[in-house]
Amino acid sequence: MRKTALITGASVGIGYELAREFARGGYDLILSARNQQKLDEVAAEMTSLGAKAEVVIADLARPEAPVELAEKLAGRPIDVLVNNAGFGAIGRFDAIELSVQLEMIQVNVTALVHLTHLLLPPMIARGSGGILNVASTAAFQAGPFMAIYYASKAFVLSFSEALAEEYGKAGLRVSALCPGPTRTEFRKRAKIEEKAGPGGKSTMPSMSAADVAKAGFSGFERGQRIVVPGMVNKLAVNAERFFPRRMVVHMAGKINRGK
């Protein structure tokens, strides 16, 4: 019997690629995001890969959205919850509109927790299921000029590790996918510029969303608690342990400012 994965933010980027990975991995899909037309296109593609794909529109910036989304599922069992929806913004803390920063917390943190709390109990009762939360390498240090985004992803990482420990013996898998710079619409929305180095190439190596999703799905299926895709990202995350925290934060700020 095929399992079902609910994927938020499934219309583009990492969410879209995760949908492809779960479809190819034998899962049926419930795809959620704000863009009906885009989701319909993604659902049609997933169907061509052999998966049943249903579209559920939800704007997770609205506090009521997680409950509304759960109600639309009509009690159907969700085997895997993929909390992918999220966004960032770059700039000095006082220069970014407060409404934007509160919305970021709502989407990146509050909605993720709310959906998890709504969908976790049936998994516990069945003794099977899992949660894949999309965090970031930003979770491993503070990030000046992206303060709320980095803090939100640190929450996601900590929250995921705690749930993995709490429910591992109950038969559940919980993973945090922590990608570094990735070629998606995220960077455009966050207004992050790619700084060019010699030859006009970006000085910040980035991965494709497809490669990130492959690593995330594979790690989740293996029961890996923290998945950091890409050797450069692994080295960066581990290198942070060997430098003073203040230096790491300073360097993150320089990267985010582009200086």
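Trainee: Which residues form a nonpolar patch on the surface, and what accessible area do they have together?

Mentor: In this predicted model, local features need pLDDT of at least 70 and side-chain atom pairs count only at pLDDT 80 or more, while totals for chains, interfaces and linings use all residues. Residues are numbered from 1 along each chain as its sequence is written, and side-chain values use heavy atoms, with hydrogens and water left out. A patch takes residues with over 30% relative accessible area and no salt bridge, joining nonpolar side chains (Val, Leu, Ile, Met, Phe, Trp, Tyr) within 5 Å and like charges within 9 Å, a salt bridge being a Lys or Arg side-chain nitrogen within 4 Å of an Asp or Glu carboxyl oxygen. Here F242, F243, M247 and M251 form the patch, and their accessible area (Shrake-Rupley, 1.4 Å probe, only the protein chains shown as cover) is together about 440 Å².

Trainee: Is A5 buried or exposed (over 50% relative accessible area), and with what value?

Mentor: A5 lies in strand β1, a DSSP run of E with at least two residues, and its contacts (heavy atoms within 4.5 Å) include F22, Y27 and V80. A5 is buried, because its relative accessible area is 0%.

Conventions
Helices (H or I, at least four residues) and strands (E, at least two) are DSSP runs, numbered from the N terminus. Buried means under 20% relative accessible area, exposed over 50%, partly exposed in between (1.4 Å probe, protein chains only). Lists of a residue's contacts leave out its neighbours within four places in sequence.
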